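Thanks for taking a look at this one with me. Here are my notes, point by point, to read beside the model.

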Amino acid sequence: MAEKKKWAPTKMFWQWCLSYLLISVIALTLLLASGYRYLDVLRDNLEYTNGIQLDMTRVWLDQKVKLLRNITAKESSTAAIDAVRQADDYEDIPRYDYYMLTRKISTDVINYGIGDAYFLYFPSTDAIVSNTKYGQSRRFYDLVLEAYNISYEDWMEILKQNLVTTRVFQPVVQGKDSKNYLVLMRPLNITSREPDKAVAVMIVDLEDLFKASDWLNNDTLCINDRNNGVLVANHELPESTENAVTELIKSSGSRKFDEAAHITSKEEYISIISSTYENWDIAVILKEQAFASKIIDIQKLLAVVVIIYLLLTVAVIANSAAKRYLKLRNIVQVLHRGNAADPEENLTDAFAYIDSRVQKLVQDNVESSDLIEQQRTAMLCEQFHAMITNADAANETDTDRLENLGFPIHRAKQYYLLAYRLQKQDLANEKDPDKIYEMQWFILQNVTRENLASRSLENLCFREGGTQLYIIWTEKEDPEMLESILWSYEYCRSFLAQHFEFRYDIAVSGGHTGIDGVYKAYREVCRVYQYQQRTQDTGTIFYSDLKVQPGDTTVRYPVETENKLHLAVRSGDEGEACTQIQVLMRQNQENYLSPAGMQFLVGKIMSTIVRAGEQRSDDPELAENQNRVMEASRRGSTEAMEQALCRLAGTVCQAVRASEQEAAADEKGRLYLEMRDYIEANYSDATLNVNALSEHFDRPAPFVSRYFKEMNGTNLTQYIHKVRLEHVKEKLLQDEKLETIAITCGFGSLRSFLRIFKQYEGVTPTQYRELHSKKEETTNENI
């Protein structure tokens, strides 16, 4: 027992705990110091922040006042407004003049960028005119002002104030969910000392100010009018607060507050600043306890953080004791062999003891892993041999077992087979030729694997007779995978030529997938070697680069499949066209078609697609897709050729569908124009309606109604009425009888004519005629 205490980890655990506690104390000290420093900075910046926010409030209010001053200056000299100001009765002014005045005010509102409610009040005639409505005060209230939830009596009390300068009012808004408003009023003639006969009114929504800053949401905003001695606030003020604001204003005398001034009065923080354009003071009253509560909240937060930090410290130590110290002690006890002669048993450091024991375990595990890896490699080589020698291996092999052994059946998007074959050498003088060959195989394998790894390509290496084979793949989509393989073996060839003298041949298959692809890839590699031996062309390495076509393979392009492809493209069916392309490519790929044969097949497919689409040969998009097909054909990648052909078919199908849609759209637009022309030509026919158009154009009535609304945006019946009314207006100005107009314009009866005219124009035909007659007389008088 005494020996075990030498390397017991208890002392190490307590040293770690004390170190962690020391770090925690330092961290908490820094946290508290930073927190209290932040509180000091918060106190110092409260006054500065309030000044900035108050200045923003002044800018907002001054902007509204400036707009009101500008528009009243413009409208004070307007003749139309002056005519209403001079009237003594509302009826003295024609309705048309009121209507034209609304248009005048609307133009001014748009020009000055006023987004708030704005109108003019004429006390002598009790008339109110805005940019959209006009009427006497009661009627205008019902139309516009009632929506503000301010009673009519309160409105009139505000509007009937005698003004000689700009005034601000805070109306009483009814309802608990209602908004707060400021009413800015200014007489049009600001130079007169007498009450003006026209007053401009702007309704300002305080929500605009509250949205810009959350600073005023729960506080009181006051506006003091020095000229009129009026104090307006958005909340009811206690008398003490009102007195404090008044005293602060009096302390400045007649001087304005160009910068924010601050005072504290009975737990209230008051900030005040003066308006730029008017003799007003803007004040904000905040509860001082609101700032105090922020400070208290921060202090509470610091306390909570400290407590949580301490609890976490205790939890971490306890967790370390339970999950690390106890496990460490158990590991030491398990590793202890009880052999005093063993040097590791005399170590006093627990970690050194564990490290020594673990290294021995790792060494034993490496030896076991090497044995397991040898067994796995032997099994994988056996499976690979079966796949390259048996065409039915796909049906006899357990794919899950093969994947567990490391063969990329499910992980590889596509794989290639790279093969090396050593050329015969004169090794008669060597003592051990087999050892020389093994050394050459070893060099080839290490250099190749290093190059492939540098291009992020995974691989498996096998020996099959006198050939070293590499299955090369990647788990990601890599369109340049073949180029990476080319770079790898070219670099390998250059390196070996500089440092070694042995010679070898290289071959690369096409891209494949699945177990049956291994069998095909091996056959392709063998064909490359046969071609190199027959032609003495060692520069041709890729199976796709073979210049001759094997005698046992022919291009298969059945007429039935060609017709299906042609029909799919003609009908714009992109999916069916791609299906037929895939069928053709699979049929010919199974025959190990040579690159020349595959290029011939691709050319025939491309010709069928273009011919079926009847596309112009100078179409840039079509030419670009054809170039992609030819490029894929030159590269020899079956998958790339198939994708390029499908893309070409998709482009042609889209063009076919677009052509059909364009033709349908032209026909649709032509029908709409014919309908409009027919209505214009037959508007005087009282029987002209949806059924008449349906019968004339031989189309169902529901279709005619729905189609016309889709094209015009207006109901068909409404459109017929509007066409007739345009002709009616012309005849009204020519003093024709109403009965005659009703019949000649297709209304059928005078009663229907009067009802429809009133519905669409808002006045009767007689009123319309009188209104335009007065307008012409006024124009002639002005001339």
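1. A word on terms before the sheet: two strands count as paired if DSSP finds at least two bridges between them. Helices (H or I, at least four residues) and strands (E, at least two) are DSSP runs, numbered from the N terminus. With that in hand, β2 and β3 are an antiparallel pair joined by three bridges. V129 is opposite Y134 in β3, and three residues lie between β2 and β3 in their hairpin.

2. Some ground rules. This is a predicted model, in which local features need pLDDT of at least 70 and side-chain atom pairs count only at pLDDT 80 or more, while totals for chains, interfaces and linings use all residues. Residues are numbered from 1 along each chain as its sequence is written, and side-chain values use heavy atoms, with hydrogens and water left out.

3. Now the overall picture. The protein chain has 25 helices and 15 strands. Of its 783 residues, 41% are buried, where buried means under 20% relative accessible area, exposed over 50% and partly exposed in between (1.4 Å probe, protein chains only). Taking contact as heavy atoms within 4.5 Å, 62% of the contacts with a separation of 6 or more are between residues 24 or more positions apart.

4. The sheet I would start with is open and has six strands, in the order β3-β2-β1-β6-β5-β4, with antiparallel pairing. At its edges are β3 (134–136) and β4 (167–169), and each has a single partner strand, so one side of each lacks a neighbour in the sheet. From one strand to the next the twist averages 25°. Axes here are lines fitted to C-alpha atoms, for helices over the stretch in contact, and angles run from 0 to 180 degrees between N-to-C directions.

5. Next, the β1–β2 part of that sheet. Four bridges join β1 (residues 117–122) to β2 (residues 127–130) in the antiparallel sense, and F119 has S130 as its bridge partner in β2. The hairpin they form has four residues between the strands, and D126 in the turn shows a positive phi of about 55°. In β2, A127 and V129 on one side and I128 and S130 on the other are all buried, leaving both faces covered. Helix α3 (residues 95–112) lies across β1, β2 and β3 and runs at about 45° to β2.

6. What about β5 (residues 181–187)? Seven of its seven residues are buried, so the strand is largely enclosed by the rest of the structure. Y181, V183, M185 and P187 point one way, L182, L184 and R186 the other. M185 is a handy landmark: R167 stands opposite M185, and V201 is the bridge partner of M185 in β6.

7. Rings of Phe, Tyr and Trp (its six-membered ring) pair if their centres lie within 6.5 Å; planes under 30 degrees apart count as stacked, over 60 as edge-to-face and the rest as tilted. The whole structure has 16 such pairs. Y90 and Y98 have ring centres 4.8 Å apart and planes at 15°, so they are stacked. Both are buried, Y90 at 7% and Y98 at 0%. F703 and Y707 are also stacked, at 5.5 Å centre to centre and 15° between the planes. These two are four residues apart in helix α21 (residues 701–712), about one helical turn; F703 is partly exposed at 26%, whereas Y707 is buried at 3%. F747, F753, F757 and Y768 make up one aromatic cluster.

8. Finally, charges over rings, meaning NZ of Lys or CZ of Arg within 6 Å of the ring centre and within 35 degrees of the ring normal. R138 sits over the face of Y152, 4.5 Å from the ring centre. R523 sits over the face of Y519, at 3.9 Å.
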